[in-house]
Structures are given as structure tokens and as C-alpha cells.
Amino acid sequence: MSDRPAISLHKIGKTFNRGVRALDDVNLDVREGEFVSLLGPSGCGKSTVLRIIAGLSTPTGGTVDWPHGAGKIGFVFQEPTLMPWATVAGNVRLPFKLAGADKASSRHLVEQSLERVGLAEFADAFPRELSGGMKMRASIARALVTEPQLLLMDEPFAALDEITRFKLNNDLLSVWQELRRTVIFVTHSVFESVYLSQRIVVMTPRPGSVFTEIEIPEPYPRNEGFRTSPEYAGFCRQVAQALAEAMARGALP
Amino acid sequence: MSERTLRVLLPILVLALVVLCWHLIVRIFAIPQFVLPGPAVVAATLIADFELLWRSLLVTLTLTFEGFLLAAIGGVALAIAFNQWRTVEYSFYPYAVILQVTPIVAIAPLLLIYLPQPLAVLACAWIVAFFPVLASTTLGLNSVDHNLLALFELYKASGWQVLWNLKLPAALPQMLTGLRIAGGLSLIGAVVAEIAAGSAGAGSGLAYRIVESGYRLNIPRMFAALFVLSLAGVAIFFVLSAISYLALRRWHESAIDRER
């Protein structure tokens with residue numbers, strides 16, 4: 001893992017047409033291969049930051065710099081966002097289909113991506129036949145299939161039950177360790193952010209801006225042992241405190 | 001008895017009861033045939049006039065089907081145009097509504113003045129069937145998951161790719177609902193035009209047979225023709241429902257059999 005920044009957000013601001021100031025002066029450097037979480041209460045503009053990085057939204061101020069050029073991006077939404085009329089494999093193949101690649105050339109990559117998230121057996125199933133956790137796995141497989149340099153995840157596990165969420169947390173970490181891509185992970189869960197990330201960016205609400213950054217210098221692989229360790233509890237306390245201060249800074253609860 | 005058998009058996013039982021009552025009323029009150037023929041007479045007429053009624057049915061059904069097909073193509077095409085270009089929607093939507101809310105019975109006589117009869121029938125079948133296809137397809141195209149739209153944007157999909165790979169499949173359930181309504185309506189449109197043409201019409205459609213039989217006080221044939229007509233309507237509904245089911249059964253909630 002190198003220390004050179006892959007993305008650099010400089011004084012990013014976003015004001016919506018209705019006059020809502022979503023972001024104000026957001027500065028953030030993300031190193032290549034780093035796992036960063038954006039943590040904050042709902043409505044603090046975390047998702048907007050992701051959409052701006054993905055190019056799905058344009059900032060009204062500031063710049064997004066890609067010192068080494070913008071590479072491929074994978075995006076995982078809060079909902080699985082699968083096409084119900086296509087099979088799991090069909091959904092995962094979508095990025096190739098839109099790029100005009102034929103079925104045969106992408107087959108291997110699609111299979112590999114499904115294998116990676118443990119859905120190989122369900123390639124021909126339709127999304128409605130899958131559980132919530134499996135749908136999210138399919139969504140992650142689709143985001144990873146193009147082997148993106150950057151993976152953006154917008155509260156992907158927020159709607160899942162705790163058992164499924166823990167399992168997906170572990171699987172996400174092992175995929176990340178295998179591929180070593182940059183991950184920016186949006187969450188409103190202190191525990192999830194501490195468990196997953198190398199660095200947590202705590203944001204203030206209304207308008208969203210960076211309140212503080214906290215490093216989690218714990219080694220990987222992290223597992224259930226880490227989840228029950230005193231170090232983990234200590235970091236959670238520290239991050240929760242920072243989040244409370246960030247929220248006190250914001251005008252509204 | 002299972003629910004399935006009940007669902008088939010009960011309507012048949014009701015039908016049998018109604019036919020029996022009809023038969024008894026005609027018998028007991030000795031109602032003459034030119035006022036109300038009994039079910040046996042209607043059935044006999046149906047068999048005796050079968051060839052004539054069948055030919056008339058084919059005439060009406062052909063025009064109904066052509067009108068429906070044009071409405072389906074036109075409705076979907078215009079819905080796509082509405083969805084792609086807002087100016088087209090703003091320009092034409094009010095007129096689509098006007099076409100829909102003006103009763104077809106009032107338009108038919110006018111069309112018959114300017115168009116040869118078969119064409120007027122076709123136009124009526126088209127006009128009434130067109131709007132449901134347009135309205136429901138437009139709704140379907142406009143209610144695509146915005147996250148999926150964002151995803152397509154992220155992968156730099158072209159406008160046509162978004163339309164073909166996302167919007168049209170997403171709109172399919174609503175589109176099929178519109179088509180199912182349109183099927184029944186195009187039959188109504190065709191019948192209205194044939195009736196409006198009346199004795200002036202040279203056509204030999206089923207509705208024309210009803211009018212003609214009325215003039216001749218051939219009431220049993222009126223009933224027989226009416227029976228064939230509603231049977232055709234039911235058939236259209238079932239065919240379109242089956243197509244809808246086959247197209248959606250693998251993925252859409254509406255077509256899934258859930259065990260309870």
C-alpha cells in the first residue's frame with residue numbers, strides 16, 4: 001500500500017437548487033488502497049460526497065483531484081439496486097454489457113466476481129429469489145466485476161439485520177485484503193466504521209463538513225476477536241465521543 | 001373442495017341457475033320469441049347461423065386486432081417520445097387526453113362521413129385503445145428506480161442503452177396492463193363504429209348483424225350475436241392476460257404465486 005493520494009477533495013461545497021446547503025468546505029485526501037469511512041448522522045451530506053466523487057453530482061464549489069487520473073469506479077447503493085428482470089449473472093454483467101462487450105468475453109470475470117462474494121451457485125437466480133443479504137452480495141459483485149480502482153459504498157448494510165451485517169463486514173474485509181482497492185465507505189454506525197476502516201472521517205451535519213479524522217491503526221485481518229477486544233471498545237468510545245461533538249457543532253440534533 | 005375447483009365450479013353453477021330461470025320465465029309467462037327467446041332457441045340459432053356469425057366475427061375481430069396493434073405500436077412509440085423529449089410531451093399530451101375523454105360514440109358518426117366504413121371502424125378501435133397504452137407506458141417509463149439510472153450514468157450508458165436496457169424493461173408491467181385494457185377497448189371501439197354505421201354500412205361485422213337482426217325482429221339472432229361478441233371479448237382478455245403472465249412470471253411480483 002502506498003501513501004500517495006488517489007483522490008483529493010479540496011474545499012468541496014454543494015448547495016442544492018432549493019437553497020439547501022448540503023456541503024461546505026469539505027477537504028479530504030484518500031490514499032491509494034486505503035479503507036476510509038465517512039461517519040455522520042443522517043443528513044450530513046455523506047452520500048452527496050460519494051455522488052460527487054462518482055461524478056453523479058457536480059459540486060457548486062471546490063475541486064475533486066485525481067493525481068493519477070480517474071480510474072474505474074464501483075458504486076454500491078443503500079439498496080441492492082438490482083434489475084428485477086435480469087438474473088444475478090445478468091445484473092453482474094451489466095457494466096460489460098453497457099461497455100459493448102460480448103457475453104463470452106466477460107463470462108469468466110462475472111463468474112469470478114460471483115465466486116468472490118459467495119454467489120456462484122445463484123448465477124441464474126432472479127433477485128426476488130434472494131434474501132436481503134444475498135441481494136447486497138450481488139450488488140457488491142457487480143461493483144467489483146470491472147476491477148475498479150475505487151469502490152464507493154453508500155451505507156450498503158444499513159438495511160440488513162445484525163447477523164447478516166457482521167458476516168458481510170467480514171467478507172467485505174477479506175475481499176478488500178485480497179484486492180487492495182481504495183474503499184470509501186459511508187455509514188452512520190460507529191461500530192461498523194471502527195471495525196472496517198483504517199481511518200474514520202467524522203462529519204458535522206447541516207452543512208456537512210469534516211469535523212475530525214481518527215486513525216484506527218489496528219492490523220488486519222480483523223475478525224470476531226477484534227470485535228470483542230478492549231481496543232475495539234476503546235476506539236468505539238473515542239469515535240462515538242467525536243461524533244457526539246460533531247453533532248453538537250451542527251445546529252440541529 | 002379446493003379453492004381452484006370452487007373458482008371454476010361456482011361461476012358455472014351461477015350460469016346454470018340463470019339459464020334455468022330464463023328458460024322457466026319464458027315458459028311460464030309464454031313470452032313470444034320476438035320479445036324474449038328462450039335459451040334453447042338462442043342455442044339453436046347459434047348453431048343454425050354459425051357460419052354467418054363466424055364470418056361476421058372474423059370481420060370485427062380483424063379490425064379490432066388491427067386497431068389494437070396500431071394503438072399498441074403508436075401508444076408505446078409516443079410514450080417513448082414523451083419520455084425522451086419533454087417538448088413532445090408538452091405539445092401533444094393535452095390532445096391525447098381530449099381524444100380519450102370525448103366519447104367514441106360521438107366521434108364515430110363523423111369518422112363515417114370522411115372515411116370508408118372499414119377504415120372508420122379501424123380508427124375507432126384505435127382511438128379508444130391508444131390512450132391506456134400511452135398513459136400506462138408513460139407512467140412505467142417515468143417510474144424507473146433512480147439509483148439504477150445513476151448506475152447506468154456511472155457506467156456511461158448512452159440514451160438508447162438506458163431506454164432499451166433499463167426504461168423499457170422497467171416499464172413492461174405497466175405497459176402490459178395498458179395493453180390488457182386496450183384489447184377490450186378496441187373491441188368496444190370497433191363495435192361502436194359498426195353500430196353507428198348501422199344499416200347505412202355495407203359491412204358485415206358482428207355489431208352490424210345485431211343492428212340488422214334488430215330491424216328484422218330476429219331477436220334470437222341478436223342474442224346469438226351478442227353471445228359471440230362477449231365470448232370474443234373474454235377471449236381477448238384471456239389471451240392478453242396470458243401474454244402478460246408469461247412475460248412477467250419469472251421476475252415481477254404481480255405474476256408470482258405465493259404460498260400462504
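Some conventions before the structure. Residues are numbered from 1 along each chain as its sequence is written, and chains are lettered from A and ligands numbered from 1 in the order in which they are written. As the model is predicted, local features need pLDDT of at least 70 and side-chain atom pairs count only at pLDDT 80 or more, while totals for chains, interfaces and linings use all residues.

I start with chain B as a whole. Chain B has 10 helices and 0 strands; helices here are DSSP runs of H or I with at least four residues, strands are runs of E with at least two, and both are numbered from the N terminus. Read from the N terminus, the order is α-α-α-α-α-α-α-α-α-α. Along the principal axes, the C-alpha atoms of chain B fill a box of roughly 75 × 60 × 30 Å.

An automatic or database domain assignment divides chain B into domain 1 (1-30) and domain 2 (37-255). Between the C-alpha centres of these two domains of chain B there are 31 Å.

On burial, 38% of the 260 residues of chain B count as buried. Buried means that 20 or more other C-beta atoms lie within 10 Å of the residue's own, exposed means 12 or fewer, and partly exposed is in between, with C-beta atoms placed from the backbone. Two residues are in contact if their C-beta atoms, again placed from the backbone, lie within 7 Å. Of the contacts in chain B between residues at least 6 apart in sequence, 76% join residues at least 24 apart.

Now helix α3 of chain B, residues 50-84. Which helix does α3(B) approach within 6 Å, axis to axis? That is α6 of chain B, residues 117-142, and the two axes cross at roughly 35 degrees. For these figures, axes are lines fitted to C-alpha atoms, for helices over the stretch in contact, and angles run from 0 to 180 degrees between N-to-C directions. The contact of α3(B) with α6(B) involves 19 nonpolar, 8 polar and 1 charged residues. In this scheme Ala, Val, Leu, Ile, Met, Phe, Trp, Tyr, Cys and Pro are nonpolar, Asp, Glu, Lys and Arg are charged, and the others, Gly among them, are polar.

α3(B) also meets α8(B): their axes come within 8 Å and cross at roughly 145 degrees. This crossing too is right-handed. The contact residues include B:Gly67, B:Ala71 and B:Gly75 of α3(B), and B:Gly178, B:Ala182 and B:Ser186 of α8(B). By class, the contact of α3(B) with α8(B) has 12 nonpolar, 9 polar and 2 charged residues.

One residue of α3(B) to look at is B:Leu61. Why does B:Leu61 count as partly exposed? Because B:Leu61 has 18 C-beta neighbours inside 10 Å. B:Leu61 and B:Val191 are 130 residues apart in sequence, and their C-alpha atoms are 9.8 Å apart in space.

Next, chain A and its sheet. Chain A has an open sheet of 6 strands with mixed pairing, in the order β5-β6-β7-β3-β8-β9. Two strands pair if DSSP finds at least two bridges between them. At the edges, pairing on one side only, are β5 (73-76) and β9 (209-215) of chain A. Neighbouring strands of the sheet are turned by 20 degrees against each other on average, direction ignored. Helix α4 of chain A (132-144) packs on this sheet, touching β5 and β6 of chain A, and its direction makes about 170 degrees with that of β5(A).

Strand β7 of chain A, residues 182-187, has 6 of its 6 residues buried. A:Thr182, A:Ile184 and A:Val186 are on one side, with A:Val183, A:Phe185 and A:Thr187 on the other. β7(A) runs parallel to β6(A), with 5 bridges, and A:Met153 stands opposite A:Phe185. β7(A) also runs parallel to β3(A), again with 5 bridges, and here A:Leu38 stands opposite A:Val186. In β8(A), the bridge partner of A:Leu38 is A:Val201; β3(A) and β8(A) pair in the parallel sense over 4 bridges.

How values were computed: Left-handed = near helix turned anticlockwise from the far one by under 90°.
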